[in-house]
Amino acid sequence: MNRDKAPAWGSSFAVMAGALILALAAAGPAAAFSFGHKKPPPPPPPPPPPVEAALPVGPPVLADYVVRQASAYATYMRRASAISSSFADGPSVGAALRVGAHSEQHQLQQGVVAYAAIVALQDPTFVAAVRSFARHASTRDQLIGYILADPSYVMTLNGHDTAAGLIVATLNGQASQLTSAGDKVKQMSLDIQLKAAWSKKPVPNPDQRLMDVKQLSVDPLTGDDDLRAQLQQAETGSAPMPVSGSPVAPPYSQAVTRGMALAALAILGKAGEGNMDYVMPLLVNDNDGYCFNMSKLNLYQCLSVARPYYEDIYCLGLHALDDTGACVASEIGHPQPEAPAAPVVASAAPVSLSATTASTEDGPIPVSSSRQ
């Protein structure tokens with residue numbers, strides 16, 4: 001053995017051992033004690049987010065209160081528009097006046113919006129657009145939040161113009177029928193003086209008649225059963241309403257906007273019995289009450305100075321029918337008719353029986369009213 005080479009071999013071994021110790025120390029404590037074992041694989045990537053399950057979307061649901069208000073509005077418009085301008089006697093005038101006066105201001109206001117909502121539900125494009133958001137919880141909740149924060153958000157949805165067109169055409173048609181009936185009744189108040197002697201006789205107990213009209217103006221109207229059933233079927237789509245109309249571009253009136261917003265919530269399942277906190281802010285808008293309030297005040301003032309039956313006919317035609325029809329059209333806002341003028345205190349004294357009969361020889365007597 002060559003003893004001269006032993007120290008060189010021992011020195012090389014010491015150098016290699018030192019290098020290995022330094023490498024293990026640099027790799028960390030865990031590597032130092034895993035000598036002879038494989039390095040563990042990296043953790044797997046996180047799983048992809050789950051696909052949101054589609055939700056079942058049922059038919060639109062409106063609270064019973066909404067349908068009742070829509071039914072009351074539609075019932076009044078139908079009954080009042082059917083008032084004939086042919087009056088046979090004094091009692092027939094009184095009966096027609098009771099029909100024309102039986103509308104409560106807030107019920108009419110809410111009824112316009114409620115009825116507009118049901119009409120909007122007849123538009124398939126609008127309904128399909130809202131249903132596309134209702135199929136997933138996230139998009140449904142997001143759309144609900146947007147609508148509650150600002151009902152005009154419905155104008156971003158497909159079909160808003162065609163739904164608005166149905167509302168405008170349908171409710172304006174109802175308003176036109178009512179004003180047309182009012183114009184005929186108003187004209188009859190002038191013509192009947194030359195045709196029927198009874199029309200120039202004084203109304204018995206005019207103070208009580210005025211009190212009765214004021215009471216009818218605050219008593220809510222119960223809608224006809226057949227109309228209510230039709231509206232319920234139209235709401236769910238089981239029996240669509242026969243409505244038509246051309247698309248209407250924004251801007252829309254508050255009643256049209258809130259009607260579409262209420263329809264959208266019905267499709268999204270948030271306008272039912274348990275969602276009245278969402279529903280009522282859309283139905284109630286005190287800023288819309290001025291016109292209906294003015295028509296009632298004008299009717300009261302007109303009747304307060306009216307004495308013969310033909311004057312009651314005039315008050316019925318102008319303020320109960322004409323003015324109310326103009327208010328409905330004003331609520332819709334396309335086109336914008338002139339609202340009833342503010343009541344003016346009558347300067348003329350009530351027409352007496354003697355004055356009435358004495359002046360009929362020369363032709364019709366001008367009607368005592370705040371608005372000719």
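What you see is a predicted model, in which local features need pLDDT of at least 70 and side-chain atom pairs count only at pLDDT 80 or more, while totals for chains, interfaces and linings use all residues. Residues are numbered from 1 along each chain as its sequence is written, and side-chain values use heavy atoms, with hydrogens and water left out.

Let me begin with the pockets. A pocket here is found on a 1 Å grid over the protein atoms alone, as an open set of points where a 1.4 Å probe fits, with protein on both sides within 12 Å along at least five of seven lines; lining residues have an atom within 4 Å of a point. Grid points are joined across faces, edges and corners, and a volume is the space filled by probe spheres set on the points.

The largest pocket has a volume of about 340 Å³. Its lining comprises 18 residues, and Tyr115, Gln174, Leu227, Gln230 and Met241 are those nearest the centre. Two or more lining residues come from each of helix H3 (64–81), helix H8 (160–191) and helix H10 (225–236); helices are DSSP runs of H or I with at least four residues, numbered from the N terminus. By class, this lining holds 11 nonpolar, six polar and one charged residues. In that division, Ala, Val, Leu, Ile, Met, Phe, Trp, Tyr, Cys and Pro are nonpolar, Asp, Glu, Lys and Arg are charged, and the others, Gly among them, are polar.

The second largest pocket contains about 240 Å³ of space. Of the 14 residues that line this pocket, Gly94, Arg98, Val203, Pro204 and Arg209 lie nearest its centre. Helix H4 (90–101), helix H9 (206–216) and helix H14 (309–332) each contribute at least two lining residues, and H4 gives the most, with six. The classes here are seven nonpolar, three polar and four charged.

I turn now to the disulfides. With a disulfide taken as a pair of cysteine sulfur atoms within 2.5 Å, the count is two. How are the bonded cysteines paired along the chain? The pattern is 1-4, 2-3.

In one of these links, the sulfur atoms of Cys291 and Cys327 are 2.1 Å apart. This pair joins distant parts of the chain, with Cys291 in helix H13 (residues 289–305) and Cys327 in helix H14, 36 residues apart. The link is left-handed, at -90° about the S-S bond. Cys291 and Cys327 are buried, a term that denotes under 20% relative accessible area with a 1.4 Å probe and protein chains only.

Cys302 and Cys315 form a disulfide with their sulfur atoms 2.0 Å apart. Cys302 belongs to helix H13 and Cys315 to helix H14, 13 residues apart. This link is left-handed, with -80° about the S-S bond, and both cysteines are buried.

Finally, two individual residues. Asp323 is located in helix H14. Is Asp323 buried or exposed? Asp323 has a relative accessible area of 2%, and therefore counts as buried. Its side chain makes a polar contact with the side chain of His319 at 2.9 Å; such a contact is a pair of N or O atoms within 3.5 Å, one able to donate a hydrogen and the other to accept it, and residues adjacent in sequence count only if both atoms are side-chain atoms.

Ser199 lies in the loop between H8 and H9 and is buried, because its relative accessibility is 0%. Leaving aside residues up to four places away in sequence, Ser199 touches Ile192, Gln193, Pro308, Tyr309 and Tyr310, contact meaning heavy atoms within 4.5 Å.

Terms used. Buried < 20%, exposed > 50% of the residue type's maximum accessible area, 1.4 Å probe, protein only.
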